[in-house]
Amino acid sequence: MEPIYLLTDYKGQFSCKASAVPYRSGMDIALLKSCFDEAGYTLRPLAVPDLDFRTMDFADQCVLCTDAEDPDCLYKSYLEDIYLALQLQQAVLIPPYKCIRAHHNKVFMELLRDLSRQESIKNIRSRHFGALEELIARKDAFIGAHIVKGAAGAKSRYVRLGRDWDELLAQAAAVSRSPNVGHELWDFGRRVKHKGYVRDSRFRRKFVVQNFVPGLRNDWRVMVYGDRYYVLYRETRDKDFRASGSGKFMFTEEIPAGLLDFAAGVFESFDVPQISIDVGYDGEQFYLFEFQFILFGTRAMELSPFYFTRADNGWVRVQAASVLEEEYVRSVLGYLKQRWKAKQQEGVRC
């Protein structure tokens, strides 16, 4: 049996776990290894800097990836270099590189939405910008209320509502400001010295603008590990449209009809072992607000007293507590078995 590689960061950690001890120390790697061993697989933890692409070949090898949400995405940028190199070697990345790229990067997340063949997720329409000036040049396209989202950030920190053009512009300026006093002074000098010179933008943090869905009092966080669905009701903040970070949540069996089918359609369309999605429902339509494939909060799954799964007669609720590492391993192995089966049917080695 070929090994499964698990990449650890500079802290020696892998992924995240809400209940981790010590705080923010990630998943229990020893428990992950035990779960893989029990299933007949060898897990090999490997520190990212120890990858030597001159002597090591990861072609067709399964590599479990971690990620980072550090300020300015500095360490994340390094990890993405490594993952792109692994992809070029044709390693089997979990999750795939495109999904890692979309993490902590709402611009690329929205590009994945646009590229998706899942039409049900396209009632949210986003425009992407790399500088504020690009938005200003398209002012006429933005009438009424819109949501502005900075590319990075958690718990809706850089998610703002612009009720009209002036407020939209102000919010977009706030999330896209890219201060650098030294460069700005030097660039001002260029303008003085060179007639007709156009100064560099001072608002170059990428962002998206998307349609606003009014009147919602909550959203639904759905976390999927293989065939198990964990659902969390999240109420919006006081006098605010955002549910993320409100702290107002509960587990309930009373969920909108069709929510699980919608979530399953999203999950299956991306072909990944795990996903976390934020879904709005206005009584008529479901709206996929955001989705993550890696390093998403695990609190909902760890605290949930039950999960939903498909049965012959539809969706059923299973009353049981879950262990993150066990569910992670189970979903990864299920994903790999499906992949291997498909490749064998094609007559190609996975």
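How many bridges join strand β1 to β2? Select residues 4-8, which form β1, and then β2: five bridges join the two, and they run parallel. Strands here are DSSP runs of E with at least two residues, helices are runs of H or I with at least four, and both are numbered from the N terminus. Two strands count as paired if DSSP finds at least two bridges between them.

What you are viewing is a predicted model, in which local features need pLDDT of at least 70 and side-chain atom pairs count only at pLDDT 80 or more, while totals for chains, interfaces and linings use all residues. Residues are numbered from 1 along each chain as its sequence is written, and side-chain values use heavy atoms, with hydrogens and water left out.

**The sheet**

Now show all the strands of this sheet. The sheet is open and has four strands in the order β2-β1-β3-β4, with parallel pairing. Select 43-47 (β2) and 92-94 (β4): these stand at the edges with a single partner strand each, so one side of each has no neighbour in the sheet. From one strand to the next the twist averages 30°. Axes are lines fitted to C-alpha atoms, for helices over the stretch in contact, and angles run from 0 to 180 degrees between N-to-C directions.

**The helices**

Select residues 29-38 for helix α1, which packs on the sheet and touches β1, β2 and β3 (62-64). Contact means heavy atoms within 4.5 Å. The direction of α1 makes about 145° with that of β2. Next, select residues 74-88: this is helix α2, lying across β1, β3 and β4 and running at about 145° to β4.

**Back to β1**

Return to β1 and look at its pairings. Tyr-5 has Arg-44 of β2 as its bridge partner. Leu-6 stands opposite Pro-45 in β2 and opposite Leu-64 in β3. Three bridges pair β1 with β3 in the parallel sense.

Show the side chains. In a regular strand they alternate between the two faces of the sheet. Here Ile-4, Leu-6 and Thr-8 point one way, Tyr-5 and Leu-7 the other. Five of the five residues of β1 are buried, so the strand is largely enclosed by the rest of the structure. Buried means under 20% relative accessible area, with a 1.4 Å probe and protein chains only.

**Last stop: Ile-4**

Select Ile-4, which has a relative accessible area of 2%. Leaving aside neighbours within four places in sequence, its contacts include Phe-36, Tyr-41, Cys-62, Leu-333 and Leu-336.

Conventions:
Buried means under 20% relative accessible area, exposed over 50%, partly exposed in between (1.4 Å probe, protein chains only).
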